[in-house]
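Q: Hi! Could you walk me through this structure with me?

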Amino acid sequence: MASSLRVLVHGGGIGGLTLATALARRGHTVEVAEIREELDALGVGIIQPSNALHVMRELGVLDDCLAAGFEWQVLTIADPAGNTLARIPQPRMGDLPAANGIPRPALARVLGDAAVAAGAKIRFGATVTGLDDDGTGVTVALSDGSGDRWDLVVGFDGIGSPLRTRLYGDRYAPAYTGFANWRVTVPRHPDVRGVVMATAGQQAKALLTPITDELMYLGAVFAEAEDHRPDPERAHEELAERLAVFSGPVAEALGAVTDPAAVVYSRISQVTVEEPWHVGRVVLAGDAAHASTPHLAQGAAMAVEDALVLAESLDAAGSVPEALRAWEARRRPRALWVQAMSRAVLRQEMGAPTTAEEDALLEIGIPGAAHVLVKPY
């Protein structure tokens, strides 16, 4: 597209900041509306697999991500005592690392700084309160009382996307999978130089993921009632009870957790927008359109791929509607394949019933899925 566009990005998370940077560097006028008062990313750490690192290189922030995180190449499978059962080299996209663990706040800073340096504006404490799409542009009202007209509005506003509700009502509310994720940041064990997956059959699985030279996070998934919430006074003890079968590095990690508030608990839900991901000049991307379980470590990777491909599609197309159609044609098959595969892996690992379609995906296996995902998107 030859002309400069005015683009409003709704949501200043990983995908939204990636898109803001990619578009601003292409000369477009970009504003990010973020409901929070600062980019204080919640949670513990995150894995940037090789395909996500490819996007970071395209943005010019790869070195910053690697400097703030901990890159690794090999997945280690261990028994409950921490004894190594297998070491599996992970596939790479070109000459990039297989993966990089990074604290979420550090990644937010890297992407926020990049967006601002590229010329994007971040408006904090603001969310969309009104949309009027007349076919040639979108007039938007924000909660801070401001309003403006945009050529394109992009919703990178997460699994609970308010923009999705505006477009589709309650048809695509997050669906709880029956499982929840427990995570906590702890000092890095010196032997943890890549993800260590300690397993006790289908009874329990624990992941140790390095995110800096000093830190790693412990993660585990369990079946939980939808209304379950950890006791705020003993969340760390509840996690230790669930992982009591483990000794070695997992037990050492649990022993370092004395503050129940350090435990991050989140229900694992999914969203699949089955209708087109854009209505006129308003489009959903990332978790707002296709949230998946974390079992391929690809949620954020799909979001940043969405962002970069959307920027490329706007480059190549003659109009915004044409760009959105081309973008979705590229992104929908890949994102929904990741969602289906990730859900199948979750059910297999937890001993839950799988469908025939999921069984067919599981024949590929996680190594096969990883090889698919390091191919160009």
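A: Happy to. Let's start with R234, which is partly exposed at 26% relative accessibility; partly exposed lies between buried (under 20% relative accessible area) and exposed (over 50%), using a 1.4 Å probe and protein chains only.

Q: Before we go on, what kind of model is this?
A: This is a predicted model, where local features need pLDDT of at least 70, side-chain atom pairs count only at pLDDT 80 or more, and totals for chains, interfaces and linings use all residues. Residues are numbered from 1 along each chain as its sequence is written, and side-chain values use heavy atoms, with hydrogens and water left out.

Q: Thanks! Back to R234: which side chain does R234 meet in a salt bridge?
A: That would be E237, at 3.0 Å from N to O. A salt bridge here is a side-chain nitrogen of Lys or Arg within 4 Å of a carboxyl oxygen of Asp or Glu. E237 is partly exposed too, at 38% relative accessibility.

Q: How many salt bridges does the structure hold?
A: There are 21. Another one joins the side chains of E224 and R242, at 2.9 Å from N to O. E224 sits in the loop between β16 (215-223) and α6 (235-242), while R242 is in helix α6, so this pair ties together parts that are 18 residues apart in sequence. Helices (H or I, at least four residues) and strands (E, at least two) are DSSP runs, numbered from the N terminus.

Q: And is E224 buried or exposed?
A: E224 is buried, with a relative accessible area of 9%, whereas R242 is partly exposed at 26%.

Q: What about E328, who's its partner?
A: E328 forms a salt bridge with R332, and their closest N and O atoms are 2.7 Å apart. The two are 4 residues apart in helix α10 (residues 320-350), which means about one helical turn separates them. E328 is buried at 8% relative accessibility, and R332 is buried as well, at 18%.

Q: Which residues are linked in a network of salt bridges?
A: E305, D306, R331 and R334.

Q: Switching to strands: what's the order in the open sheet of 6 strands?
A: The order is β8-β2-β1-β12-β19-β18, with mixed pairing. Two strands pair if DSSP finds at least two bridges between them. The edge strands, β8 (121-124) and β18 (278-279), each pair on one side only.

Q: In which sense do β1 and β12 pair?
A: β1 (residues 6-10) and β12 (residues 152-155) are parallel, over 4 bridges. For instance, V9 has V154 in β12 as its bridge partner.
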